[in-house]
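The sequence and the coordinates are shown first.

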Amino acid sequence: MTHNKMTKMFVATCLLALNYIGAVFAESTAPRPNILVILTDDQGYADVSFNGSPDIHTPSLDKLAEDGAIFTSAYVVHPFCGPSRAGLMTGRYPHKFGSQFNLPSSNASGGLGIPKSETFISTVLQDAGYYTGAIGKWHLGETSEYHPNNRGFDEFYGFLNGGHSFFPEEFSKRYEHGKKQGRHHSIWHYHKPLEHNGKEVVETEYVTDGLTREANKFISKAAENKQQPFFLYLAYNAPHTPLEAKQEDMDMFPNIKDEKRKTYAGMVYAVDRGVKDIVKNLKATGQFDNTLIVFFSDNGGRPDKGANNYPLKEGKGSVQEGGYRTPMFMHWPDALKGSTQYKHPISALDLYPTFAALAGAEVPKHKKLDGKDIWSALQKGVSARPGEPIYVMRHHNDNSDVAIRIDDLKAIKTKEGGWRVYDVQKDPAEKNNLRDKYQVQLQEMIANFEVWSWTNVEPLFFHDQKAGYEWRANGMPRFHETFKRD
Ligand code: CA
């Protein structure tokens, strides 16, 4: 080949490549969105005013909800913390990778965590060029291999356990006292110092305010680097127990007389104040319009600790609607038209594929996601998962509470009674058992659920020794009882 010919071929190849690159850019001229997940802990369905709370007002959350899409049938993956968060991060039911219980608390964790075979959404977004941060409660493993910094998060500020006290002047005093007694390993983890990327820090603010401050630091830092969109997972531990609120926040609710409810309301209000600051910062840094904000709670509220799940039945821990249907909205001025009420069921499992698609990120090939990319259905206002089940399964020491929802119908079985069927779209309070009317559908749903249970694996951990012992002593999970045709 002559030199001239080679040059021509080289030029042609370069032009082809340029054309190709041009085409790729032309297809995606809109910048990828920032993604901000604001997760609260144990917040009840009726504990935001955009869902009609009679006594708690959440003006900042309401403004975002009303300018975005409010989801009235949004389900989390499990009615309590650990498995719910594991489902959110992995996009899969935790029963499929042995994470159907909470991790044991730090003093006895034994170096356990959510299996590394599960790629978190944070890793997928990080690999796609996102700047990623986790702030607040983790609860997915504490040793180095399970630490947020090793699970796709560039930044972590918060605590690795399942909860924390809120006033530093109180918890640091108790921590120091415990240390003086030589009890470093048995100090309650709610009293231990917070950390930043593995290093202990001295938090001086009410914890909810401290988490807001760190979220704003992260957002400002992200704004300095315009080349990289951000993914921020802001997991407030409010309004989870201990019930501890600032006086000024409780004073916002002079009409609430019940002390627990008043404190709880103050804790929710601190989150709302935080969201107000975050919105202000997003606007100041020019990022508000292209940030997808997703707000929800990790599970239902505890009425015995000041929460209200009205009109839903029961609360945290239950497979009735109050346990795992939570308040939720999405907000994104550039792409989502305001005042949308989305009534079709969605699952927190849907966030993984939805985020990955919006970010143009590649999901690992071996990964079998349990959720759906809901984006185009949301924009059209149609169901994102017609005919697709949403399962919930909570194990007790000698039975499993289970429920399956397909479209408007939900079949449920708990220790208190056999299978019942509700139209939870019309009857979210689960008052009117329609079993007689939907006998055929019920049998199909039970069969569907049993096939799903074949994908479950033995738990890899339990929240304490007693739970693990009882699981084995009682021959759990005893699915032959759960899914017996009846
Ligand atoms: Ca929780």
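In which sense do strand β6 (residues 195-196) and β7 pair, and over how many bridges? β6 and β7 pair in the antiparallel sense over two bridges, and His-196 stands opposite Lys-199 in β7. Helices (H or I, at least four residues) and strands (E, at least two) are DSSP runs, numbered from the N terminus. Two strands pair if DSSP finds at least two bridges between them.

The model is predicted: local features need pLDDT of at least 70, side-chain atom pairs count only at pLDDT 80 or more, and totals for chains, interfaces and linings use all residues. Residues are numbered from 1 along each chain as its sequence is written, and side-chain values use heavy atoms, with hydrogens and water left out.

## The ten-stranded sheet

The pair β6 and β7 belongs to an open sheet of ten strands with mixed pairing, in the order β7-β6-β5-β4-β8-β1-β9-β10-β2-β11. β7 (199-200) and β11 (340-342) stand at the edges with a single partner strand each, so one side of each has no neighbour in the sheet. Strands of a sheet pair through backbone hydrogen bonds, either parallel or antiparallel.

Strand β10 (residues 328-331) is joined to β2 (residues 69-71) by three bridges and to β9 (residues 291-297) by four bridges; β10 runs antiparallel to β2 and also to β9. Met-330 of β10 is the bridge partner of Ala-69, and Val-294 stands opposite Met-330 as well. Both faces of β10 are covered, with Met-328 and Met-330 buried on one side and Phe-329 and His-331 buried on the other. Buried means under 20% relative accessible area, exposed over 50%, and partly exposed in between (1.4 Å probe, protein chains only). In a regular strand the side chains alternate between the two faces of the sheet.

Leu-234 is in strand β8 (residues 230-235) and counts as buried at 0% relative accessibility. Leaving out residues up to four places away in sequence, Leu-234 touches Leu-36, Val-37, Ile-38, Leu-39, Ile-135, Leu-211, Ala-215 and Ile-278, where contact means heavy atoms within 4.5 Å. Leu-234 and Thr-40 are 194 residues apart in sequence, and their C-alpha atoms are 8.5 Å apart in space.

In helix α2 (residues 59-66), the residues Ser-60, Leu-61, Asp-62, Leu-64 and Ala-65 are buried. The cover over the buried residues of α2 includes β2, α8 (259-284), β9 and β10.

Helix α6 (residues 207-224) has 18 residues, which at 1.5 Å a residue should span 26 Å; its end C-alpha atoms are 26 Å apart, in agreement. The expected span is 1.5 Å times one less than the number of residues. α6 is mostly covered, with 13 of its 18 residues buried.

## The calcium site

The calcium ion is coordinated at 2.2 to 2.6 Å by Asp-41 (OD), Asp-42 (OD), Cys-81 (SG), Asp-298 (OD), Asp-298 (OD) and Asn-299 (OD1). Donors are N, O and S atoms within 2.8 Å of the metal (3.2 Å for Na, K and Ca); water is not among the atoms, so sites may look incomplete. Cys-81 lies in helix α3 (residues 81-90) and Asn-299 in the loop between β9 and α9 (321-324), so the pair ties together parts that are 218 residues apart in sequence. Cys-81 and Asn-299 are both buried.

Strand β15 (residues 409-414) is joined to β16 by five bridges in the antiparallel sense, and a hairpin links the two strands through two residues. Leu-409 stands opposite Asp-423 in β16. Five of the seven residues of β16 are buried, so β16 is largely enclosed by the rest of the structure.

Glu-430 lies in the loop between β16 (417-423) and α12 (439-453) and counts as buried at 2% relative accessibility. A polar atom of the Glu-430 side chain lies 2.7 Å from the backbone nitrogen of Glu-321. Beyond its neighbours within four places in sequence, Glu-430 is in contact with residues including Lys-313, Gln-320, Lys-410 and Tyr-422.

## Backbone geometry

| Residue | Phi | Relative accessibility |
|---|---|---|
| Asp-407 | about 50° | 34%, partly exposed |
| Arg-478 | near 50° | 22%, partly exposed |

Asp-407 is in the loop between β14 (400-406) and β15, and Arg-478 in the loop between α13 (465-473) and α14 (479-482). The peptide bond from Ala-238 to Pro-239 is cis, with omega near -5°.

Methods
Polar contact = N/O pair within 3.5 Å; in protein donor to acceptor, adjacent residues only side chain to side chain.
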